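Open the model in your viewer and keep the selection panel at hand. The stops below say what to select and what is there.

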Number of protein chains: 2
Amino acid sequence: MRRTAFENMACPIAQALDRVGDGWSMLILRDAFYGLSRFDDFQASLGIAPNILSRRLATLVEQGMLERRRYSSRPVRHEYVLTECGRDFRPVLLALMAWGNRHFSPDGHAIELVDRHTGQLVEPMFVDRRTGEPITRERHQMRAGPAADERMRARIALRNSRLPSPDPIPSESTP
Amino acid sequence: MRRTAFENMACPIAQALDRVGDGWSMLILRDAFYGLSRFDDFQASLGIAPNILSRRLATLVEQGMLERRRYSSRPVRHEYVLTECGRDFRPVLLALMAWGNRHFSPDGHAIELVDRHTGQLVEPMFVDRRTGEPITRERHQMRAGPAADERMRARIALRNSRLPSPDPIPSESTP
C-alpha cells in the first residue's frame, strides 16, 4: 500500500490527505457522486491515462472509499461504487465547489447547487449540527484531543491565543 | 506558472484542485489558519524539505491564496498571510477535518472543534445560507451553469436521472 509523507501526522486533515491528497483521487470521487462507476466512463469523463486511473482506483478501494463489484461475468467486468466512507466525503467536494465557483469562475459557473423547490442558487454554509449555529471564530474554537502530539498542541495554542473574545466589544478605534 | 492537467477543465472542483490539489499546499493553508506565517515555522510544523516548501509558498502566492509581506529589513525577511481567497478556503479544511476525525482516527481525535460557550463537540453540517435548510439530495440538486461544457452537462444529467423524488413516498418493499 502506497502511503504518503502525511501517514504519521497526528492531524485529521493530514490523515484525510494521506488517502485522497491527489487531485485525481478527488475527481474520481466527484465522478462517483455523479453516478459514474465503470472504468471506461471515468476515463472518458476525466481524460486520464489508463494506468493512472487504475492505480488511483486501486488506492481508493484499498483505503475504503470505493467498493469494487463484479457487474459482468463474461467478460469479467467490475464497477466501483462509493462506500459509506466515500459518501461521507461529499462535504469536502461541496466546499471545493463553492470555493471554486466563488474565486475561479471568471466566465460564469459551470455547475451550480440549487434548491429544487425554488430553483434558487444555494450557498453552502457550515453550522453546528446540534445547535444550528453558524461556525464562527467568535463562537467556536479548536481543542486538542487525546491523540494530539506536541506539534498539534503548539498549533492550537497559537490559534487560540489570537481568538477574538467570546463576546466581542465593538471598538471605536477600529482603523 | 506551473499548472496542472486540471487547468482547462470546466468544473469548479477541478479549478480548485488546480490551485491546491497538492496535499502540501493544503497543509500550508491549514497552518496559516493556525496563525503560522514564517518560513521556518511552516518548516518546523510540517517537517517539509525547504525546496518543496519554497515552491509551494510561491505557487500559493501566485494563485492568490497567500500574500507575501516584508516583516524585517535587516535582514530582509518575508512572511506569508492568508488573502481573502485563502481565508475562504476554511470550509474545505473543516470538511477534511470532520471526515478525517470520523474515519481515520482509530486512537481518538488529535483535534476537535468545540462550542466556546458550552464546550460541546461540534459536528459541522452544510446548510443553505439563505434558507437554513440542510443540504440534502431530496431538497437540492445540481444545475448546469453558463460555463458548462458537454462533459459537465452529461455528468449532471446522469446525476439528476438518479435523484429521489422531491417528496419521496415511503416504500413498503424496501429490501
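## Stop 1: the proline loops

Select Pro75(B), which sits in the loop between strand 1 (66-72) and strand 2 (77-82) of chain B. Show the backbone here: the peptide bond from Arg74(B) to Pro75(B) is cis, with omega near -5°. Bear in mind throughout that this is a predicted model. Now go to chain A and select Pro75(A), in the loop between strand 1 (66-72) and strand 2 (77-82) of chain A. The bond from Arg74(A) to Pro75(A) is cis as well, with omega near -5°. For background, most peptide bonds are trans.

## Stop 2: the two chains together

## Stop 3: the side of chain B that touches chain A

Hide chain A and colour the contact residues of chain B. In total, 79 residues of chain B are in contact with 78 residues of chain A. The elements of chain B that each supply at least two residues to this side include helix 1 (12-20), helix 2 (23-34), strand 3 (111-115), strand 4 (124-128), strand 5 (140-144) and helix 7 (150-161). Helix 6 of chain B gives the largest share, 13 residues. Coloured by class, this side of chain B shows 42 nonpolar, 18 polar and 19 charged residues.

## Stop 4: helix 6 against helix 6

Bring chain A back and select residues 90-103 in both chains, which is helix 6 of chain A and helix 6 of chain B. Their axes are 8 Å apart, and they pack at an angle of about 175°. The two helices are therefore roughly antiparallel to each other. Show side chains for Pro91(A), Val92(A), Ala95(A), Leu96(A), Ala98(A) and Trp99(A), which meet Pro91(B), Val92(B), Ala95(B), Leu96(B), Ala98(B) and Trp99(B). How do the residues of this contact divide by class? There are 12 nonpolar, no polar and no charged.

## Stop 5

From helix 6 of chain A, select Leu93(A), Leu96(A), Met97(A), Trp99(A), Gly100(A) and Asn101(A). From helix 1 of chain B, select Pro12(B), Ile13(B), Gln15(B), Ala16(B) and Leu17(B). This contact has 8 nonpolar, 3 polar and no charged residues.

## Stop 5: helix 2 of chain A

Select residues 23-34 of chain A, which form helix 2. At 1.5 Å a residue, its 12 residues should span 16 Å, and the end C-alpha atoms are 17 Å apart, which agrees. Is this helix enclosed or open? Of its 12 residues, 10 are buried, so helix 2 of chain A is largely enclosed by the rest of the structure. The buried residues include Trp24(A), Met26(A), Leu27(A), Ile28(A) and Leu29(A), along with Arg30(A) and Asp31(A). Finish just after the helix, at Gly35(A), where phi is positive at about 110°.

Notes: Residues numbered from 1 in each chain as written. Chains lettered and ligands numbered in written order. Predicted model: local features only at pLDDT ≥ 70, side-chain atom pairs only at ≥ 80, totals over all residues. Axes fitted to C-alpha atoms, helices over the stretch in contact; angles between N-to-C directions. Helix = DSSP H or I, 4+ residues; strand = E, 2+ residues; numbered from the N terminus. Parallel < 35°, antiparallel > 145°, perpendicular 65-115°, else oblique. Contact = placed C-beta atoms within 7 Å. Nonpolar A, V, L, I, M, F, W, Y, C, P; charged D, E, K, R; others polar. Expected span 1.5 Å × (residues − 1). Buried ≥ 20, exposed ≤ 12 C-beta atoms within 10 Å, placed from the backbone.
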